[in-house]
Amino acid sequence: MLASCFEDKELHQKYSFIIGLESFLDIRRPGGGYDLTGKIQATNFLQKKGETVSGKPKIDPIIKLPTTTVFNILPAKLKKLSEIISEINKKSGTNFAEDKIVQYILRIMEGIQKSEKLKISAENNTEKDFSFAFFDEIKTVMMDEYDNHREFSKMILENEDIKKQTFGIFEKQIYEQLRQK
């Protein structure tokens with residue numbers, strides 16, 4: 001466990017609890033539910049009487065969780081993407097599973113949509129100038145997802161033409177979406 005030094009004792013207790021809890025949670029694969037029975041013990045806590053509320057209490061959320069950004073793909077672009085993946089397989093002698101690569105590309109595009117750097121670029125540049133930032137940001141987002149599809153990622157990162165062919169079909173859509181937000 002990491003050591004910490006806080007003047008606020010309550011904040012220190014919360015920090016210690018979160019660090020302990022974090023070791024049991026796999027946040028990369030959410031939605032599976034977690035069974036923490038017998039894994040974490042909370043000891044040495046004192047209960048203090050707080051406010052007394054009469055009537056129905058007003059409930060406000062303490063934390064607002066971020067919403068997911070879904071990247072929508074039109075059937076024509078999906079067909080074009082499938083053709084590109086098929087062409088890549090033929091030219092390189094690989095056998096990338098089309099459905100897995102499409103999902104991988106869509107995750108990258110979702111990451112691209114969330115990029116504050118690209119949003120600023122879209123707001124302040126022409127579509128032509130935005131192109132440079134778009135393809136540069138693809139590299140950044142791909143590095144976050146690199147372990148999931150190493151061979152495909154390596155091919156994209158090493159070959160600028162394949163990268164532009166694969167992701168170029170989304171460039172205008174991303175540019176327009178980021179300008180509207």
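## Helices and the model

Helices here are DSSP runs of H or I with at least four residues, numbered from the N terminus. Welcome to a predicted model, in which local features need pLDDT of at least 70 and side-chain atom pairs count only at pLDDT 80 or more, while totals for chains, interfaces and linings use all residues. Residues are numbered from 1 along each chain as its sequence is written, and side-chain values use heavy atoms, without hydrogens and water.

## Ser153

Let's start in helix 6, where Ser153 is placed. Ser153 is buried, at a relative accessible area of 0% (buried means under 20%, with a 1.4 Å probe and protein chains only). Setting aside neighbours within four places in sequence, Ser153 is in contact (heavy atoms within 4.5 Å) with Tyr104, Met142 and Tyr146. The side chains of Ser153 and Tyr104 also make a polar contact at 2.3 Å; such a contact is a pair of N or O atoms within 3.5 Å, and within protein one must be able to donate a hydrogen and the other to accept it, with residues adjacent in sequence counting only if both atoms are side-chain atoms.

## The largest nonpolar core

A nonpolar core is a set of buried Ala, Val, Leu, Ile, Met, Phe, Trp, Tyr and Cys residues joined through side-chain atoms within 4.5 Å. The largest one has 32 residues, and Ile105, Met109, Ile112, Phe130, Phe134, Phe152 and Phe167 touch the most other members. Its largest share, eight residues, comes from helix 3.

Not counting residues up to four places away in sequence, Phe134 touches Met109, Ile112, Leu118, Phe167, Phe170, Glu171 and Ile174.

Conventions. Buried means under 20% relative accessible area, exposed over 50%, partly exposed in between (1.4 Å probe, protein chains only). Helices (H or I, at least four residues) and strands (E, at least two) are DSSP runs, numbered from the N terminus.
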